[in-house]
Structures are given as structure tokens and as C-alpha cells.
Amino acid sequence: MERSEFFSTQAGRTINAPRQTRTRFGIGEVVRHRIFDFRGVVFDIDPVFANSEEWYQSIPEDMRPARDQPYYHLLAENEDESYVAYVSQGNLLSDMEGGPVDHPTVPQLFEQFKDGRYRMRRSLTH
């Protein structure tokens, strides 16, 4: 399997990842955490874990997801607040609620919500 490297500012190091990765969710898709009560819209995807070691070790060992799967950056919300979340693919499900996400950053990244997903602003795509 071909590999490539990229520098993750979040992790502060170079990450070695497969050149091709299959993701279950795409940018603009609304997802829900399978254990915790929050949902969010995907705004970025890492092919493998690309956060800090400290962040990874802060997850209880019996709940710690594998590093070698896609990780999603979410504009997340729960009943009380909006925040940015970093979640492994194995901990995400499609959101059956189907409605928009009420996060203050959504309008900065996305143009519209249609058919259960957001469309990224054209000025942010390449």
C-alpha cells in the first residue's frame, strides 16, 4: 500500500498515512456520535489520527479508538453548546434527525443546507 506524509499542525509532527483512504462520511455531511449525545457537520477529514499524543492519551483506554482510521473534524453541537470535535470514523453514525446544525461557524464554511447535507462555500474549495 502506498503511503504519504503530511505535517499536522494540530499534532505538531509529520503523519504517515495511506495514500488512499476510504471514508464513510464526506465534507458537509451531518453525523452523530454513536456514544455521546452530540451531532455535527464534517468540515475536514484526516486519513488517520493526526492530533496530539496528549489528546489521544486523554481518552480512557477502554474507549480509545484505533489510530489507523479516518478522523473527522466536526462543527458540533449538543443541547447546551457548540464546539469543534475530532472524532474517529468508528464513533460516528449518519444523523437520522436530518436537520441543519446550529453552530455559529457553519455560515462561514458552508453556503446552504439541502437534502440533509451542507455545500461548502465555493471560495473555500479547490
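**Asking about V106 and its surroundings**

Author: Setting aside residues up to four places away in sequence, V106 touches V41, L75, V101 and Y118; touching, or contact, means heavy atoms within 4.5 Å. This is a predicted model, where local features need pLDDT of at least 70, side-chain atom pairs count only at pLDDT 80 or more, and totals for chains, interfaces and linings use all residues. Residues are numbered from 1 along each chain as its sequence is written, and side-chain values use heavy atoms, leaving out hydrogens and water.

Reader: Why is V106 called buried?

Author: Buried means under 20% relative accessible area, exposed over 50%, partly exposed in between (1.4 Å probe, protein chains only). V106 has 7%, so it counts as buried.

Reader: What makes a set of residues such as F25, V31 and F38 a nonpolar core?

Author: A nonpolar core is a set of buried Ala, Val, Leu, Ile, Met, Phe, Trp, Tyr and Cys residues joined through side-chain atoms within 4.5 Å. The largest one has 10 residues, including F25, V31, F38 and V42. Strand β5 (71-77) gives the most to this core, 3 residues; strands (E, at least two residues) and helices (H or I, at least four) are DSSP runs, numbered from the N terminus. A second, separate core of 8 residues includes V101, V106, F110 and Y118.

Reader: How do you know that V106 lies in a helix, and which one?

Author: V106 belongs to α2, residues 106-109. A helix needs at least four residues, so that run qualifies.

Reader: How far apart are V106 and G26?

Author: They are 80 residues apart in sequence and 15 Å apart in space, C-alpha to C-alpha.
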